[in-house]
Amino acid sequence: MRKDVRILLVGEPKVGKTSLIMSLVSEEFPDEVPLRAEEITIPADVTPERVPTHIVDYSEAEQSDEQLYQEISKANVICIVYSVNNKKSIEKVTSHWIPLINDRTDKDSRVPLILVGNKSDLVEHSSMETILPIMNQYQDIETCVECSAKNLKNISELFYYAQKAVLHPTGPLYCPEEKELKPSCIKSLTRIFKVSDLDNDGILNDNELNFFQRTCFNTPLAPQALEDVKNVVRRNMTDGVKDNGLSLKGFLFLHTLFIQRGRHETTWTVLRRFGYDDDLELTQEYLFPMIKMPPDCTTELNHNAYLFLQSVFDKHDKDRDCALSPEEVKDLFKVFPYMPWGPDVNHTVGTNEQGWITYQGYLSQWTLTTYLDVQRSLEYFGYLGYSIIYEQESQAAAITVTRNKRIDLQKKQTQRSVFRCNVLGDRGSGKSGFLQAFLGKNLQGQRRIREDHKSFYAISTTYVYGQEKYLLVMPDFDFLSEADLACDVVCLVYDINNPSSFEYCAKVYKQYFIDSKTPCVVVAAKSDLHEVRQHYSLSPHEFCRKHKLHPPQPFTCSVTDAPNKDIYTRITTMYGFGLLIPPYVVWYMLSFCDGEYTHFCVSFRSHAHLRCMCASNRCTYCLCQNLLKLELLRSFKHNTSNRVLKAAGLGGGWVWGAPVGGRGGFQLTQQLSAVFNVEGSNFMEVSAEQLIPPERHMAQADLKNSTFWLRASVGATVFAVLGFAMYRALIKQR
């Protein structure tokens, strides 16, 4: 809606232009009338539409043609005044004034015109018979008003209609010749109907009509008023009311009726409440509300946004199969001016066996859009009517801006739920396969994806500490920008069957990540193939050991069923848990837990023992198990346990500033005891396949290598105890 209205009065001399303005201001007919009235501004609180109004007079005697042209270009509405008792002034309306105005205005932005018949007190007949053919000939004429400056007849109504012609124009809504709504108006009202149809059954029931009424006019309709409205539609349309609810045809008919009866403001109030401007386009302010985005922060959807998206999904999932078929997706996006999701979305998020987007995949796609392009997400929420249905000031209320990552590192915790993993690797190393495997697609399923339907992203949910998190996996591009490097976790993927593949990973790590705090994971892709020696100076295992990275993680998507997703869960954990413990320590813990890392953080529960498949009882795993049973190590475990418990101050002391004791101390004692029971704990439940190749066994001459694994096991146990104590201390401080 415009912030002000500028009204220009033109016409032949002596028709009463100045008298009309002065009668409006002084509320009496002036004794002396000047040649031209000065510009008058009526405050917003005085006008019916609460908009400041500027009234400008024109005098041929005092102003030049150039000044007239300037005033025409600045006017929002022009009143052409004629005298009802002067036929020449009426003829001049069509012969001079309307052509002059049309010549000075653009065809696409014509100014609305109002014909004003003054001096109605001097005649007993009306001039409407003469004026109606003129109104039918020129579409720019909004209305015609007969008035009298002397008797103050229809003076206020004249300027009210002038305001109304600007604020609630008929032109964009209605075609007088066809006597029906214009296509753009029908399109806008159809979207409003679909947004208001909360259950998507094609009709507006009483609850939905009341919600619509309250949203647009801040007051509900009485039950009898609702019935009266539906009865009006029933009398004029056969299918306007269905199942005691208002159909789309009935909804459009009501607005046609409002416009035909001169109540344009009713339809415009509805349109503007749903974000439309005077051209029936959604405004930039509605689609793109301001949102502050500090550097090094990300955007996520909040709880209310997910509830809204859930309601939209339920609204369009007509067969209740927890997935959206292509027809259901099209129906969902009918309120959009274009189709926002392409075929690549089906290979970006999770789908069912039919290739339809599942409920979880649907939420993941919205999460991805918000993370990558929050402005587009705001636009989409605007089309769906989030701010209207949830009665918010704007759809920016659906967005949460996370805090700076540096603050997460300082506070050793994060509140984020979306983590970004960049997958880097040489061409042909298996990056695309790694992305699609995250969505549960094996190699055979990936080969069926068309080239033009492939996606650059993959997003799904994983569980970290029992909480659902979103992991966004992205491949690298030819050029790594600062945004690409500012991710949460990096996956360096190489092909074990390509001798030149690992060199790319090593160079990227040394160039970009060797001094950064970004956790890095090396993934040995295509592990189902024969492993060849890499041409790089160091083997992948040696490189990882040198830079304190976890050994390369074997991965393959060449399986009959869905690929294993444990590696993605570990990747998600690396950022959140890595805030407390160095990343390489996290990875050792996760490897020893064999994916059951959640138990480490929650209750240190042990699971079933892994059994060694070695028959000689001389592999690393068997030797470590035998060494753990020695009395010397049992004594070491006992002494270490006592020292840690003493340091924790179970008698009522402090652990890193956190008071412990009483019932909490007893629980800590139990949990620490469970940790130090290494023989039955999570940390030694690791198969030979995870630590060394299955063919390799340990001879007596290689006993030093066995000592390394023993130290690693004990070291992991100590780190687990210290990490848990720190975790409990932080919880106590909160």
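This is a predicted model: local features need pLDDT of at least 70, side-chain atom pairs count only at pLDDT 80 or more; totals for chains, interfaces and linings use all residues.
Me: What makes helix α18 (residues 431-438) largely enclosed by the rest of the structure?
Reply: Seven of its eight residues are buried, so the rest of the structure largely encloses α18. Buried denotes a relative accessible area under 20%, exposed one over 50%, and partly exposed anything in between (1.4 Å probe, protein chains only). The buried residues are Lys 431, Gly 433, Phe 434, Leu 435, Gln 436, Ala 437 and Phe 438. Just after α18, Gly 440 has a positive phi of about 85°. Helices (H or I, at least four residues) and strands (E, at least two) are DSSP runs, numbered from the N terminus.

Me: How do you know that the rings of Trp 341 and Tyr 362 form an edge-to-face pair?
Reply: Rings of Phe, Tyr and Trp (its six-membered ring) pair if their centres lie within 6.5 Å; planes under 30 degrees apart are stacked, those over 60 are edge-to-face, and the rest are tilted. A search of the whole structure finds 33 aromatic pairs. For Trp 341 and Tyr 362 the centres are 6.2 Å apart and the planes stand at 65°, so the pair is edge-to-face. The pair links distant parts of the chain, 21 residues apart: Trp 341 is in the loop between α13 (326-332) and β14 (357-358), and Tyr 362 is in helix α14. Trp 341 is buried at 8% relative accessible area, and Tyr 362 is buried at 0%.

Me: Why is the pair formed by Tyr 386 and Tyr 390 called stacked?
Reply: The ring centres of Tyr 386 and Tyr 390 are 5.2 Å apart and their planes lie at 25°, so the pair is stacked. Tyr 386, at 0% relative accessibility, counts as buried, whereas Tyr 390, at 27%, counts as partly exposed.

Me: What makes Arg 104 a charge over the face of Tyr 69?
Reply: The criterion requires NZ of Lys or CZ of Arg within 6 Å of the ring centre and within 35 degrees of the ring normal. Arg 104 lies over the face of Tyr 69, at 3.7 Å from the ring centre.

Me: Why are helices α9 and α10 called oblique to each other?
Reply: Axes are lines fitted to C-alpha atoms, for helices over the stretch in contact, and angles run from 0 to 180 degrees between N-to-C directions. Angles under 35 degrees count as roughly parallel, over 145 as roughly antiparallel, 65 to 115 as roughly perpendicular, and the rest as oblique. The axes of α9 (residues 248-260) and α10 (residues 264-273) come within 7 Å and cross at roughly 135°; α9 and α10 are therefore oblique. Their contact (heavy atoms within 4.5 Å) is made by His 255, Phe 258 and Ile 259 of α9 and His 264, Thr 266, Thr 267 and Val 270 of α10.

Me: What makes β17 and β21 the edge strands of their sheet?
Reply: Two strands pair if DSSP finds at least two bridges between them. The open sheet has six strands in the order β17-β18-β16-β19-β20-β21, with mixed pairing. β17 (458-464) and β21 (553-555) each pair on one side only and are its edge strands. Within the sheet, β16 (residues 418-425) and β19 (residues 489-495) run parallel and are joined by five bridges. Cys 421 has Val 489 as its bridge partner in β19. Helix α14 (residues 359-372) packs on the sheet, where it touches β16, β17 and β18 (467-475).

Me: How do you know whether Ser 148 is buried or exposed?
Reply: Its relative accessibility is 1%, so Ser 148 counts as buried. Ser 148 lies in the loop between β6 (141-146) and α5 (155-167). Not counting residues up to four places away in sequence, Ser 148 touches Asn 118, Lys 119, Ser 120, Asp 121, Lys 153 and Ile 155.

How values were computed: Residues are numbered from 1 along each chain as its sequence is written. Side-chain values use heavy atoms; hydrogens and water are left out.
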